[in-house]
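Subject: Structure handover

Dear colleague,

Please find below the structure you asked for.

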Amino acid sequence: MLVENVGWAAETAASDPAFFETLAQGQSPTVLWLGCSDSRVPAETITHSKPGDLFVHRNIANLFSADDDNTMSVLEYAVNVLKVDDVIVCGHYGCGGVRASLLPMSPALPHVNRRIAPLCALAQKHSGELDAIEPGDGRIDRLAELSVLEQVRAIRRVSTVRDAERPPRVHGWIFGLRDGRIKVLSSGDPADAEAEPAPSAVQHMTETSGG
Ligand SMILES: [Zn+2]
């Protein structure tokens with residue numbers, strides 16, 4: 001990896017001699033990205049972004065919690081200091097964290113269990129719809145979509161965003177591992193995530209489980 005870094009630094013400087021000088025002067029990203037830690041969903045790569053473009057927070061199953069200082073400090077800094085225009089919650093199909101929330105808790109993963117507890121509660125809340133989907137990837141992927149919209153609503157509700165001088169737009173996206181495409185579940189318009197989300201046409205897609 002360190003060898004790759006030397007190569008990357010040299011290639012970047014060769015193609016844009018002013019790149020690192022500009023980078024060192026500071027950051028002014030316009031987007032806060034809240035994504036999953038899954039290694040297959042790197043925010044910068046899938047959006048063709050460059051260093052300096054995205055302010056990023058990733059955790060298992062891209063969950064937002066107003067009680068979590070880690071997530072909240074990122075949001076606070078993004079809104080109050082960087083003054084981002086957009087917050088993007090990006091989930092993904094085939095999410096291992098979402099899958100785990102539909103399975104019995106693993107005694108070996110107490111921290112993960114605590115983190116995904118809200119997902120388990122969300123699955124309970126939507127059990128009527130989820131139980132109607134055959135157990136497996138379709139059900140997991142639908143819960144992943146419902147969760148993205150839940151995080152979007154929670155971020156819009158938190159005072160850091162709601163009472164901001166210029167509240168950022170909060171978007172809900174979901175990434176498909178099979179085709180590399182992002183699907184918009186909720187645009188920046190608050191009205192569309194407040195409504196009960198429509199079932200997805202891609203809920204029967206199957207993905208390999210992961211992070
Ligand atoms: Zn994931």
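Two strands count as paired if DSSP finds at least two bridges between them. Helices (H or I, at least four residues) and strands (E, at least two) are themselves DSSP runs, numbered from the N terminus. This is a predicted model, in which local features need pLDDT of at least 70 and side-chain atom pairs count only at pLDDT 80 or more, while totals for chains, interfaces and linings use all residues. Residues are numbered from 1 along each chain as its sequence is written.

**The strands**

β1 (31-36) and β2 (54-59) run parallel and are joined by 6 bridges. Within that pairing, Val31 has Leu54 of β2 as its bridge partner. β1 also pairs with β3 (residues 86-92), again in the parallel sense, over 5 bridges. There, Gly35 stands opposite Cys90 of β3. β3 in turn is joined to β4 (residues 169-175) by 7 bridges, and these two strands run parallel. Gly91 has Ile174 as its bridge partner in β4.

For burial I used a count of neighbours: a residue is buried if 20 or more other C-beta atoms lie within 10 Å of its own, exposed if 12 or fewer, and partly exposed in between, with C-beta atoms placed from the backbone. In β1, 6 of the 6 residues are buried, so the strand is largely enclosed by the rest of the structure. In β3 the count is 6 of the 7 residues, so β3 too is largely enclosed.

**The chain as a whole**

The chain has 10 helices and 5 strands. Its radius of gyration (taken over C-alpha atoms) is 18 Å, close to the 17 Å that the globule rule gives for 211 residues, so the chain is as compact as a globular protein of that length. The globule rule is 2.2 Å times the number of residues to the power 0.38. Along the principal axes, the C-alpha atoms fill a box of roughly 55 × 40 × 35 Å. Of the 211 residues, 31% are buried.

Contacts are counted where the C-beta atoms of two residues, placed from the backbone, lie within 7 Å. Among contacts between residues at least 6 apart in sequence, 70% join residues at least 24 apart.

**Helix α4**

Which residues of α4 are buried? In this helix (residues 69-81) they are Val74, Leu75, Ala78 and Val79. They cover an arc of only 115° around the axis, which puts them on the same side of α4. The arc is that of the directions from the helix axis to the C-beta atoms. These buried residues pack against β1, β2 and α9 (159-162). On the face turned away from the buried side are the exposed residues Asp69, Asn70, Ser73, Asn80 and Val81. Just after α4, Lys83 takes a positive phi of about 50°.

α6 (residues 110-125) has 16 residues and reaches 23 Å from its first C-alpha to its last, close to the 22 Å expected at 1.5 Å a residue. The expected span is 1.5 Å times one less than the number of residues in the helix. A kink of about 45° lies at Ile116 in α6, shortly before the proline Pro118. The bend at a residue is the angle between axes fitted to the seven residues ending there and the seven starting there. Ile116 is also one of the buried residues of α6, together with Leu119, Leu122 and Ala123. They pack against α5 (96-101), α7 (127-131) and α8 (137-157).

Pro110 is exposed, with 10 other C-beta atoms within 10 Å. From Pro110 to Ile182 the separation is 72 residues in sequence and 31 Å in space, C-alpha to C-alpha.

α1 (residues 2-15) has 14 residues and reaches 20 Å from its first C-alpha to its last, close to the 20 Å expected. α1 is hardly covered, with a count of 0 buried residues among its 14.

In α8 you will find Leu149. Leu149 is buried, with 22 other C-beta atoms within 10 Å. Leu149 and Asp137 are 12 residues apart in sequence and 19 Å apart in space, C-alpha to C-alpha.

Regards
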